Amino acid sequence: MPFARLASATSATCHIGLGLAAVGRPGYINLGRERDLPPARSVDALRERTHDLLDAAYAQGVRYFDAARSYGRSEEFLADWLNARPDVDDVVVGSKWGYTYTAGWSTEAEQHEVKDHSLTTYERQRAETDELLGDRLDLYQIHSVTPDSPALTDKELHARLAEAAAGGLTVGFSTSGPAQADAIRAALAVTVDGDPLFRTVQSTYNALETSAEPALAEAHDAGLTVIVKEGMANGRLAEPNAPDALKAVARETSLGCDAVALALVLRRPWAGVVLSGAATTHQLASNLHAAVVDLDEDQLERLATLVEEPGAYWERRGQLPWH
């Protein structure tokens, strides 16, 4: 299990990972992105930004990096960075399959990605990932599993994933949508020859969307490593968009809203890795302060009032424009 490497890490930030969704492609749904990235979002410009972030993250103790086939050229950018640093052998590298990037490096595309959890897509994207990341890939996740995903019932796909796991690759899944808890529990029940198939789960959890918490705790108790994504709610929990209660707690800690929002997730006993989705090195440095935020009971109670009904949260997320 590659995440065992983090257990022996000594830095306060080793359980914060860097997700590359916001910098591997020119368009994404994070709020404020029009300010975070250069106006000319060429491949070279975003490659340089990604490498700057990876350098800063590694220097500050981050040891998990998360990409996906649908994050534009994120795997390529990460592979370039790894290949230029053969001495960096203590990181955990994860990617995801199941969405195909279709925007053609444009922010104006009608459709930016297409979901398909079939065995055919797995085989194609696994080959594409292998060509870029090769044996540096530690974790391969099914991207955004929902309760109706065929990936939960496709026995042939399960057999192929188990074959990959037998070869040393860790197999996991991510979730999205208001029924994350149902998807997590369905995935926990998937076995091959009597053995659980999945070893990790990556889910959305933040101050606004907490509905997956009981299922994530069950996954942790079952031995899975839990990776938390969208801890910043796609920018809704960062300045200047953060709710007043979060801004008030941030002022009390003398740190940013982002650090407080991520600290709230880090304190969950089942959270193994919490992703930063930073698009700038300044944002990353601020995010990493989450490792030292100490929240008292009164602050936690005030932050608990921010929770939204899952359907409303995901409806709003679905309305966020691609910047």
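Helices (H or I, at least four residues) and strands (E, at least two) are taken here as DSSP runs, numbered from the N terminus. The place of P240 is then the loop between strand β11 (225–229) and helix α9.

This is a predicted model, in which local features need pLDDT of at least 70, side-chain atom pairs count only at pLDDT 80 or more, and totals for chains, interfaces and linings use all residues. Residues are numbered from 1 along each chain as its sequence is written, and side-chain values use heavy atoms, with hydrogens and water left out.

## Overall form

The protein has 13 helices and 12 strands. Its C-alpha trace spans about 50 × 45 × 40 Å along the principal axes. The radius of gyration, taken over C-alpha atoms, is compared with a globule rule of 2.2 Å times the number of residues to the power 0.38. For 323 residues, a compact globule would have a value near 20 Å, and the 18 Å of the protein agrees with that.

Buried means under 20% relative accessible area, exposed means over 50%, and partly exposed is in between (1.4 Å probe, protein chains only). By this scale, 55% of the 323 residues count as buried. The protein exposes about 13200 Å², of which carbon and sulfur atoms supply 48%; the areas come from the Shrake-Rupley method with a 1.4 Å probe, and for residues only the protein chains shown count as cover.

Contact means heavy atoms within 4.5 Å. Among the contacts with a separation of 6 or more, 79% are between residues 24 or more positions apart.

For charge, Lys and Arg count as positive and Asp and Glu as negative, while His and the chain ends are not counted. There are 29 positive and 47 negative side chains, and the centres of the two sets lie 2 Å apart. Each charge is placed at NZ of Lys, CZ of Arg, CG of Asp or CD of Glu.

## Cysteines

A disulfide is a pair of cysteine sulfur atoms within 2.5 Å. A search of the whole structure finds zero of them. C14 is buried, with a relative accessible area of 3%, and C257 is buried at 2%.

## Helix α11 and its cover

Helix α11 covers residues 281–288, and its buried residues are L284, S286, N287 and L288. An α-helix has 3.6 residues a turn, so residues three or four places apart point the same way.

Most residues other than glycine have a negative phi, and most peptide bonds are trans. A cis peptide bond joins E239 and P240, with omega of about 0 degrees. N234 is placed in the loop between β11 and α9. N234 has a positive phi of about 55 degrees although it is not a glycine, and this residue is buried, with a relative accessible area of 5%.

D193 sits in the loop between β8 (191–192) and β9 (195–196). Its phi is near 55 degrees, again a positive value in a residue other than glycine. D193 is exposed, with a relative accessible area of 78%.

| Residue | Relative accessible area | Class |
|---|---|---|
| L152 | 12% | buried |
| A162 | 22% | partly exposed |
| L255 | 26% | partly exposed |

L152 lies in the loop between β6 (139–145) and α6. Leaving aside neighbours within four places in sequence, L152 is in contact with V145, T146, P147, H158, A183, A186, A187 and V190. L152 and H117 are 35 residues apart along the chain, and their C-alpha atoms are separated by 9.4 Å.

A162 is placed in helix α6 (residues 155–166). Not counting residues up to four places away in sequence, A162 touches V192 and L197. A162 and R85 are 77 residues apart in sequence and 31 Å apart in space, C-alpha to C-alpha.

L255 lies in the loop between α9 (244–253) and α10. With residues up to four places away in sequence not counted, L255 touches A250, H289 and V293. The C-alpha atoms of L255 and N234 are separated by 19 Å, and the two residues are 21 residues apart along the chain.
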